[in-house]
Amino acid sequence: MSKFKKKKSGDLPAISTASLPDIVFMLLFFFMVATVMRQNTLMVENKLPFADQVEKLDKKDLIMYIYAGKPSQRYRAQYGNEARIQLNDKFASVEEVQQFIYSERESKREELIPYLTTALKVDEETNMGLVSDIKQELRKAEALKINYTTVVGDAMQNVE
Amino acid sequence: MAKRSAPEVNAGSMADIAFLLLIFFLVTTTIETDSGISRKLPPWQPEDVEPPVIKQRNIFTVLVNSNNQLLVEDEEMELSELREAAVEFLDNGAGTGDEACSFCQGAKDPNSSVNPQKAIISLVNNRGTEYGTYIAVQNELVAAYNQLRDREAQRMYGMTFTQMEKNYNDPNYNGDKDALKEKIDVITDMIPQKLSEAEPTS
């Protein structure tokens, strides 16, 4: 019996924190691998409309983003209140959309090009005139697969 | 000089550094994926191509004006009624002979569509229409198609169309994907999404 009693004596040993860095590193590597950096800084207001008949957009490397909307507050003085297109990190005109598609295509591997999708992230208050212009340019550039990016929700909220 | 052993580097702050990096990546991570309504644009065509002739009864016109009001088949309509009206039009099935629709449950109105395969929804919007309204209209029309497809898929295969598509796109799905793809093709062939968009009016 004395054998067992021996262990009970003494204080609680301090928990070793030597493996803490390892755990943290493990988490760190997970997030490093899972991270997709925000590609663009938004320069336009981008309140997306609601819709519920949506499909998910996977494979982020196969998506070209086109943003449109009114310039954000701090660009108002320079660019005015009219809705504009944003490609990469700068404002662009409608004519530049085609060029943008071509350069995006060039940066992708050839066999992936048919799978490229254009995601239109357009502010819900934008007029359809601008959106139609973008769509015409996309048709000219033969980028026919598009996706109107929306927030999942009841579409009736758009009209209110 | 006396030989000195290199001093041990204190690794106590390693955890702090790792935490710092961890927090940085936590903040910059965007795990959520985007979702939205997928559409396919028609290819660019030269102006002088004659459009094919389509019977008026097979076209369901939806007009949206710059005040975001809807005009459906020459009648004013609320957005909330659009889905019902589109389903009624697609499901009408007044066709006979070659154009007969075997599964339609509609009213067989002689002034409406003959067959979902022939029925076309034409959407015309104004340049001043708000994008939010446009998306809402698109959403309702896609919902109308999905409602019909769900009904038919449920009747034929005992599973809704949306569920079938979801399974098909799910990499972890264990069932037979080729068979599923065939079923999906049958349904999309029965009720094709024919949504035409005209140039906006100004």
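How many residues lie between strand 4 and strand 5 of chain A in their hairpin? Two, and Asn88(A) in the turn has a positive phi of about 50°.

## Ground rules

This is a predicted model: local features need pLDDT of at least 70, side-chain atom pairs count only at pLDDT 80 or more, and totals for chains, interfaces and linings use all residues. Residues are numbered from 1 along each chain as its sequence is written, while chains are lettered from A and ligands numbered from 1 in the order in which they are written.

## Around strand 4 of chain A

Helices (H or I, at least four residues) and strands (E, at least two) are DSSP runs, numbered from the N terminus. Strands pair if DSSP finds at least two bridges between them. Strand 4 (residues 84-87) pairs with strand 5 (residues 90-92) in the antiparallel sense, over three bridges. Leu87(A) has Lys90(A) as its bridge partner. Strand 3 (residues 63-69) also pairs with strand 4 in the antiparallel sense, over three bridges.

Buried means 20 or more other C-beta atoms within 10 Å of the residue's own, with C-beta atoms placed from the backbone.

## Where the chains meet

In all, 50 residues of chain A are in contact with 45 residues of chain B. Contact means C-beta atoms, placed from the backbone, within 7 Å. Helix 2 of chain A gives the largest share of its side, nine residues.

Strand 7 of chain A pairs with strand 1 (residues 35-40) of chain B, antiparallel, over six bridges. Ile146(A) has Arg39(B) as its bridge partner.

Conventions
Contact = placed C-beta atoms within 7 Å. Buried ≥ 20, exposed ≤ 12 C-beta atoms within 10 Å, placed from the backbone.
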